[in-house]
Amino acid sequence: MFRIQNYINGEFRAPLSETYIDNYNPATGQVYSLIPDSDAADVELAVLAAKAAFPAWSNTSAEKRGKMLVKIANLIDQNLEKLAKAESIDNGKPISLARTVDIPRASSNLEFFGTAIQHFSSESHYMEGTAINYTLRRPYGIAGCISPWNLPLYLFTWKIAPALAAGNCVIAKPSEITPMTAYLLSELCQEAGLPAGVLNIVHGYGHKVGAAITENPNIPIISFTGGTKTGETIARVAAPMFKKLSLELGGKNPNIIFADCDLEKAIATSINSSFANQGQICLCGSRIFIERSIYEQFKEGFLAKVQDLKNGNPLDEKTKQGAVVSQAHMEKVLSYIQLAKEEGGRILAGGQQVKLDGENATGWFIQPTVIEGLAYNCRTNTEEIFGPVVTLTPFDTEEEVLEYANCTDYGLAATIWTENLTRAHRVAHQIKSGIIWVNCWLLRDLRTPFGGMKQSGVGREGGLEALRFFTEPQNVCVKL
Ligand SMILES: NC(=O)C1=CN([C@@H]2O[C@H](COP(=O)(O)OP(=O)(O)OC[C@H]3O[C@@H](n4cnc5c(N)ncnc54)[C@H](O)[C@@H]3O)[C@@H](O)[C@H]2O)C=CC1
Ligand SMILES: O=C(O)/C=C/C=C(\O)C(=O)O
């Protein structure tokens with residue numbers, strides 16, 4: 001069976017333990033490759049490599065570093081089909097989504113930061129006639145990047161690109177649930193001629209490799225995307241070591257439909273914001289609040305479109321709903337559907353695991369599920385499910401829907417549907433979320449600050465925020 005390898009010091013290496021973890025295809029439930037079960041000793045090798053590479057990489061001009069990232073982006077483009085297929089098999093997502101969103105975005109991340117670093121500048125402060133201060137933005141040394149399974153290459157590159165562009169060397173850990181495209185990327189890095197030790201990819205479990213990165217005193221800065229509980233564990237270890245942290249965590253995002261919206265557009269986009277990637281995007285709008293006067297109309301139009309969303313083999317071009325990522329995750333999502341019933345919810349669509357034919361009979365598929373009749377503040381409506389499950393709740397006033405929207409511990413993203421711009425600004429201002437979309441969803445400009453409030457995270461990534469995060473300011477004051 002195919003064995004993924006670590007990428008350390010520019011070379012492909014087996015884990016020192018020589019043990020491997022099974023890697024599953026979620027659409028068949030079968031093991032199809034093996035992942036290094038690395039540990040702290042492999043991370044230590046990566047640290048040695050990164051330390052040795054840092055002086056040269058950090059002294060390479062921003063232009064050259066940027067060009068290297070753009071070269072890797074071009075190789076991603078040339079390998080689009082191979083990477084999209086690998087992502088679909090590894091994660092269970094429809095190949096059409098991997099081909100049009102995940103892989104192109106991975107390329108954009110590298111290109112964006114490869115060019116952004118060439119325009120990055122720092123400040124100077126003139127003290128009239130007395131002194132001039134200039135601020136240097138210095139790379140930290142070795143950055144740790146830990147990424148999740150839902151958008152594997154997309155989020156992996158979202159972290160490593162700004163870290164490398166800024167002149168850091170990186171030790172990166174993709175999710176052990178979806179390691180394949182990070183491995184394929186390491187092959188492209190070697191092909192591009194990325195100097196040895198600049199990027200090191202160590203595969204394995206979070207509690208071993210992730211914990212070793214978090215605990216390692218030579219890694220002073222960590223960027224993490226994943227579950228809120230894991231973020232808390234990382235913060236507990238890293239904070240007393242005074243590490244710099246960026247935590248992109250969970251969400252339980254409101255999707256607010258006012259009666260004066262363009263209903264057709266609101267329904268079409270809400271289908272996407274509910275069920276794209278089987279609802280496994282931290283930005284999905286899983287709580288849909290609908291103004292009572294159009295509740296039945298929205299519900300009817302929405303349910304009609306949900307009926308068209310059939311689960312299918314992710315490698316089939318026509319499939320819009322693939323498999324969820326793992327058996328454990330499927331069981332978690334199904335347990336929330338059961339909880340919703342216990343909390344008084346009515347299942348309007350879906351609600352079950354789906355058994356497909358042939359080799360997909362043993363895959364992990366869940367029907368897109370729509371539930372109504374729940375209290376806005378019950379567990380189903382406040383805990384992150386992270387699957388193809390949404391709830392519909394009517395509201396009467398703006399004040400009431402703001403209370404609903406803000407009632408969870410999360411504050412990542414929100415969507416507002418209205419044709420009344422004054423209302424849109426007013427409501428946006430009162431929602432406690434890091435990202436607000438008005439009459440759209442997941443419309444991404446990579447220059448904008450990205451991240452959440454409350455338990456959705458700490459810090460912001462994207463654009464200049466990411467380049468500032470991965471650099472440490474040093475002020476030099478020169479007496480005139
Ligand atoms: N982007 C997001 O908002 C994501 C949210 N989640 C949420 O988290 C829940 C749990 O999913 P998991 O797969 O368990 O996500 P996770 O948070 O455990 O995994 C994310 C990454 O963190 C690593 N990790 C795990 N434990 C670690 C530790 N102690 N130290 C350092 N790194 C560690 C994992 O190996 C993976 O690379 C999901 O059901 C979902 O609700 C999961 C993935 C992405
Ligand atoms: O940067 C984006 O466009 C999307 C980011 C999504 C996540 O961070 C997530 O789902 O975890």
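1. A residue counts as buried if 20 or more other C-beta atoms lie within 10 Å of its own, as exposed if 12 or fewer do, and as partly exposed in between, with C-beta atoms placed from the backbone. By that rule, 52% of the 480 residues of the chain are buried.

2. This is a predicted model, in which local features need pLDDT of at least 70 and side-chain atom pairs count only at pLDDT 80 or more, while totals for chains, interfaces and linings use all residues. Residues are numbered from 1 along each chain as its sequence is written, and chains are lettered from A and ligands numbered from 1 in the order in which they are written.

3. The chain has 14 helices and 24 strands (DSSP runs numbered from the N terminus: H or I of at least four residues for helices, E of at least two for strands). Its radius of gyration is 23 Å, close to the 23 Å of the globule rule for 480 residues, so the chain is as compact as a globular protein of that length. The radius is taken over C-alpha atoms, and the rule is 2.2 Å times the number of residues to the power 0.38. The C-alpha trace spans about 70 × 65 × 40 Å along its principal axes.

4. Ligand 1 is surrounded by 26 residues, the closest being G206, G210, G226, G227 and C282 (a residue is near a molecule if its C-beta atom, placed from the backbone, lies within 6 Å of it). Two or more residues come from each of α7 (206-215), α8 (228-238) and α11 (327-342). Helix α7 gives the most, with five residues.

5. By class, the shell around ligand 1 holds eight nonpolar, 14 polar and four charged residues. Here Ala, Val, Leu, Ile, Met, Phe, Trp, Tyr, Cys and Pro count as nonpolar, Asp, Glu, Lys and Arg as charged, and the others, Gly among them, as polar. Around ligand 2 the division is eight nonpolar, two polar and two charged; W158, E248 and R444 are among the residues there.

6. The shell around ligand 2 takes at least three residues from each of domain 1 (2-249 + 456-479) and domain 2 (254-445). The bounds come from an automatic or database domain assignment. The shell around ligand 1 also draws at least three from each of these domains.

7. P254 lies in strand β12 (residues 254-257). P254 is buried, because 27 other C-beta atoms lie within 10 Å.
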